[in-house]
Amino acid sequence: MGTPCFAPARGAVLAHREDIHLVIYHLLSLLAYAAAFWLYLHPEVAGIEGPWSRAAFVGAAAIMLGWISGIDVGVVFHNHTHKKIFRYEWLNRWFGRIWSVSGGWPSYYWWYAHVIVHHSNLLGPTDWTLPKRKPDGSSEGMYRYSLLHWPWRYVPHLWHDFRAGRGGPQVRRQALVELFYFLALWSIPFWIDPVMALGLWVLPQWIGNVLIVGPGMYAQHAGCVPRSEARPFSHSNTYVSGFFNLTMFNIGYHVEHHDYPQVHWSDLPRFHEEMKAHLIAKQAHVVPFGYYRASRLLSPKLTHDQEARARAEFMAQHPDYLLAQHPDYLDHAEEAAPAVLLPHGAAR
Amino acid sequence: MSTRAPGIAHKVAIALGRSFFPLVALAVIVGTVVWGPWVSLGLTLVFWFIIDRLECRY
């Protein structure tokens with residue numbers, strides 16, 4: 001038994017009651033993988049009668065599994081990396097290990113890339129998780145970034161960082177230990193059926209990282225610049241689609257998340273309302289849609305005209321967040337977002 | 001009772017919303033038993049198209 005992370009209420013396992021939704025999401029995802037594996041191994045039950053119908057089943061299942069795995073690691077597990085969901089450290093560690101493996105990631109590696117590299121150096125020269133910048137300051141294209149970031153860029157960067165001990169002297173040893181656990185868990189489908197593992201394990205993980213997480217990461221910081229005194233919220237985009245934030249655990253509130261990562265994911269909509277005047281006064285980029293629409297707008301177009309229209313729609317400010325609509329909010333332009341806004345005494 | 005019902009309905013809606021994607025994935029995968037693999041593939045592509053529209057409207 002490990003020691004509790006926080007002073008626990010008697011009998012409570014979760015650190016926050018809303019975190020049960022994260023657990024349910026991941027368990028349903030594992031159930032979806034198990035169902036797909038079982039049907040693949042019992043094709044007569046699913047009406048799979050030959051190579052083409054098997055390919056159709058693998059195609060459908062891989063897309064759906066990849067989709068939910070991308071969200072599972074990039075959003076759901078992501079919340080756990082910022083605020084551990086259990087009160088017991090051993091449970092956090094082990095649930096984390098079985099959490100990110102279906103997304104093709106050792107949990108420690110994802111935590112390192114996201115917290116140590118991305119959050120600590122947001123849009124800086126050592127944040128290698130984001131799209132590369134061209135000499136003119138613009139970003140590489142979304143397709144190029146999505147195709148190259150996982151695993152082709154992550155592996156050499158992680159290798160270099162772990163060898164150099166970036167993040168502390170314990171990093172290298174911890175990386176080796178976690179790689180061992182990851183490979184032991186990740187190899188399980190290969191022991192059952194190697195061809196099945198390629199179609200219903202590796203392919204979904206590729207889809208999840210390249211087609212879901214990649215465009216999502218791209219959309220979070222597209223058109224952004226490092227924070228400055230004049231533009232403190234210009235480092236991220238905030239997406240306020242209700243459907244998107246309901247199904248994506250409020251990941252759309254990204255300006256707020258980066259400035260206050262310790263605010264619990266379920267508190268972000270309320271926190272967003274409390275910060276709204278500051279966001280408007282300091283011209284944070286807020287859009288009414290979510291990452292799917294954004295990805296479509298940011299993807300390459302056939303003509304310059306289409307490209308310009310798509311860019312204009314992406315860059316257009318949500319009508320409710322135009323400073324011209326709220327001249328009274330100018331009073332907030334010179335103020336820093338006060339710490340008293342933080343719910344439940346969370347630290348910035 | 002009248003004040004309790006909306007609270008429960010809201011909680012159920014939130015729970016279903018947050019598990020929306022894995023529930024759809026499960027339905028598409030397990031539903032193959034009912035309608036076969038080709039319909040599942042078609043549903044997957046239609047679903048991808050619908051999501052883009054949903055998040056623009058709501």
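Domain bounds here come from an automatic or database domain assignment. On that basis, chain A is divided into domain 1 (1-221) and domain 2 (225-348). This is a predicted model, in which local features need pLDDT of at least 70, side-chain atom pairs count only at pLDDT 80 or more, and totals for chains, interfaces and linings use all residues. Residues are numbered from 1 along each chain as its sequence is written, while chains are lettered from A and ligands numbered from 1 in the order in which they are written. The model scores ipTM 0.90 and pTM 0.91.

**Chain A: overall build**

- Chain A holds 13 helices and 2 strands. Helices (H or I, at least four residues) and strands (E, at least two) are DSSP runs, numbered from the N terminus.
- The C-alpha atoms of chain A fill a box of roughly 65 × 60 × 40 Å along the principal axes.
- Of the 348 residues of chain A, 43% count as buried. Buried means 20 or more other C-beta atoms within 10 Å of the residue's own, exposed means 12 or fewer, and partly exposed lies in between; C-beta atoms are placed from the backbone.
- Among contacts in chain A with a separation of 6 or more, 70% join residues 24 or more positions apart. Two residues are in contact if their C-beta atoms, placed from the backbone, lie within 7 Å.

**Chain A: between the domains**

- The C-alpha centres of domain 1 and domain 2 of chain A lie 25 Å apart.
- Contact between them involves 21 residues of domain 1 of chain A and 21 residues of domain 2 of chain A.
- On the domain 1 side, α2, α5 (142-164) and α8 (194-221) of chain A each supply at least two residues. The largest share, 6 residues, comes from α8(A).
- By class, this domain 1 side has 10 nonpolar, 9 polar and 2 charged residues. Ala, Val, Leu, Ile, Met, Phe, Trp, Tyr, Cys and Pro count as nonpolar, Asp, Glu, Lys and Arg as charged, and the others, Gly among them, as polar.

**Chain A against chain B**

- The contact takes 38 residues from chain A and 27 residues from chain B.
- On the chain A side, α1 (20-41), α2 (51-82), α9 (242-247) and α12 (291-298) each supply at least two residues. The largest share, 12 residues, comes from α2(A).
- That side of chain A divides into 27 nonpolar, 9 polar and 2 charged residues.

**Chain B**

- Chain B has 4 helices and 0 strands. Its pattern along the sequence is α-α-α-α.
- Of its 58 residues, 24% count as buried.
- In helix α2 (residues 20-30) of chain B, the buried residues are B:Phe21, B:Pro22, B:Ala25, B:Leu26, B:Val28 and B:Ile29. Seen down the axis of α2(B), they fall within an arc of 165 degrees, so they line one face of the helix. The arc is that of the directions from the helix axis to the C-beta atoms.
- Mean pLDDT, the predictor's confidence in each residue from 0 to 100, is 88 for chain B, and 88% of its residues reach 70 or more.
- Within chain B, confidence is lowest in helix α1 (residues 4-18), at a mean of 87, and highest in α2(B), at 98.

**Backbone exceptions in chain A**

- Most residues other than glycine have a negative phi, and most peptide bonds are trans.
- The peptide bond from A:Trp150 to A:Pro151 is cis, with omega near -10 degrees. A:Pro151 sits in helix α5 of chain A.
- A:Leu123 is not a glycine, yet has a positive phi of about 60 degrees. A:Leu123 belongs to the loop between α4 (107-118) and α5 of chain A. A:Leu123 counts as partly exposed because 17 C-beta neighbours lie inside 10 Å.
- A:Asn250, also not a glycine, has a positive phi of about 65 degrees. A:Asn250 lies in the loop between α9 and α10 of chain A. A:Asn250 is buried, with 25 other C-beta atoms within 10 Å.

**Two further loop residues in chain A**

- A:Lys282 is placed in the loop between α11 and β2 (285-287) of chain A. A:Lys282 counts as buried, with 22 C-beta neighbours inside 10 Å. A:Lys282 and A:Arg231 are 51 residues apart in sequence and 6.5 Å apart in space, C-alpha to C-alpha.
- A:Gln262 is found between α10 (254-259) and α11 (268-281) of chain A, in a loop. A:Gln262 has 13 C-beta neighbours inside 10 Å, so A:Gln262 counts as partly exposed.
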